[in-house]
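Let's walk through this structure together, one feature after another. Have the sequence and the 3D view side by side as you read.

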Amino acid sequence: MLGSMRAVVLVLNVLVVSICVAQEPGVTKPELIVEELLRGMPTGEQKEIRIMRATFRPGDRTVFHTHRFPVAVYVLEGTFTLELEGRAPKVLKAGEGFVEPQQVKMTGFNRSATDTLRVVIFYVGDPGTPFLDPVH
């Protein structure tokens, strides 16, 4: 009985603190866009992180390629269509993100005839690792 009462008090305390923090003016809380457990991340002592942006004009595409490590992409503007070999196309709109798997052949497209596509790309790899490997 005493143990369950402590658990209830703990849950209530967490709720009160959460509500107070959420309502505190001027305090920003990050919004989770994508969360994914990954395998295949670099294991060396040093890692290199790259944050890149790319702008696709209407009709632009990436080269057919793979990545050695997972890549996170976030769409700022437009619609990003990612065709991954052996999978259904992934269509992302502004405000959405996706983790591109490693060693999967893919091409990214701006299928719009009129709108620009802008994305931010996050890549963690071994130092000096190419961002992508073209597939011929």
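Glu48 counts as partly exposed because its relative accessibility is 29%, where buried means under 20% relative accessible area, exposed over 50%, and partly exposed in between (1.4 Å probe, protein chains only). The model is a predicted one, in which local features need pLDDT of at least 70 and side-chain atom pairs count only at pLDDT 80 or more, while totals for chains, interfaces and linings use all residues. Residues are numbered from 1 along each chain as its sequence is written, and side-chain values use heavy atoms, with hydrogens and water left out.

The side chain of Glu48 meets that of Arg50 in a salt bridge, 2.7 Å from N to O; the term stands for a side-chain nitrogen of Lys or Arg within 4 Å of a carboxyl oxygen of Asp or Glu. By this rule there are five salt bridges. Another one joins Glu77 and Arg118, with the closest N and O atoms 2.9 Å apart. Glu77 lies in strand β3 (residues 71–77) and Arg118 in strand β8, so this pair ties together parts that are 41 residues apart in sequence. Strands here are DSSP runs (E, at least two residues), numbered from the N terminus. Glu77 is partly exposed at 34% relative accessible area, and Arg118 is partly exposed at 33%.

Next, look at Glu83 and Arg111, whose side chains meet in a salt bridge (2.4 Å, N to O). Glu83 sits in strand β4 and Arg111 in the loop between β7 (106–109) and β8, so the two tie together parts 28 residues apart in sequence.

Definitions and conventions. Helix = DSSP H or I, 4+ residues; strand = E, 2+ residues; numbered from the N terminus.
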